[in-house]
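Hi,

Here is the structure I promised to pass on. Have a look, and my notes on it follow below.

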Amino acid sequence: MVTLAEDLYLLAEDPATGRALLDPGHLDLGLGGALLLDLTLRRRVALVEDHVTVAQNTPTGEPLLDSALAAVARQGRAHGPDHWVRHLGRGAHRAVQDRLVDLGILRRDDRRILHVIPIHRTHETDGRLHHELIGHLRDAVVLGNHASPETSALALLALASGLDRH
């Protein structure tokens, strides 16, 4: 995948049912953390005296990250990481899901039960990405192999959001 948020979203979805393994609030917080951590890994933001500041304001080329970077850049006063995780996480599961659908990685499965109750699911068009992510995490966490910074970050995000229980 291209962003940590997209990777985390795929990990947080049950590939068999298309249902989220986490409640939307926890998923949004995890995705907010993923966006902030990804901007940090790409050296677009930095922590200075307990506040997140823009280190480099050039676009990443990724719409989700560029939107998050713009939010940090236009903020009038300094805030800590906890603020930005909550702020960037608001509604993040929808934005990430829409991005993955636009990329053709997920497909929507919207229907109604008894012609009344709407059910919204997404399914990975090709299950290889989910298995690939699990494989990278298993190699790093279970087998103790060297992990890339992105895989390490994804493992920490999965743990922090409670995905390790799933």
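Helix 5 packs, through its buried residues, against helix 1, helix 2 (24-41), helix 3 (63-74), helix 4 (81-89), strand 3 (106-113) and strand 4. Contact here means heavy atoms within 4.5 Å, and buried means under 20% relative accessible area, exposed over 50% and partly exposed in between (1.4 Å probe, protein chains only). Helices (H or I, at least four residues) and strands (E, at least two) are DSSP runs, numbered from the N terminus.

Please keep in mind that this is a predicted model: local features need pLDDT of at least 70, side-chain atom pairs count only at pLDDT 80 or more, and totals for chains, interfaces and linings use all residues. Residues are numbered from 1 along each chain as its sequence is written, and side-chain values use heavy atoms, with hydrogens and water left out.

In helix 5 (residues 92-102), Ala92, His93, Val96, Gln97 and Leu100 are buried. Seen down the helix 5 axis, these buried residues fall within an arc of 130°, so they line one face; the arc is that of the directions from the axis to the C-beta atoms. After helix 5 comes Gly104, with a positive phi near 85°.

Now to helix 6 (residues 128-142), where the buried residues are His130, Leu133, Leu137 and Ala140. They fall within an arc of 105° down the axis of helix 6, so they too line one face. Their packing partners are helix 1 (4-11), strand 4 (117-124) and helix 7 (149-161). Turned away from that buried side are the exposed residues Arg128, His131 and Val142. Just after helix 6, Gly144 has a positive phi of about 75°.

Best wishes
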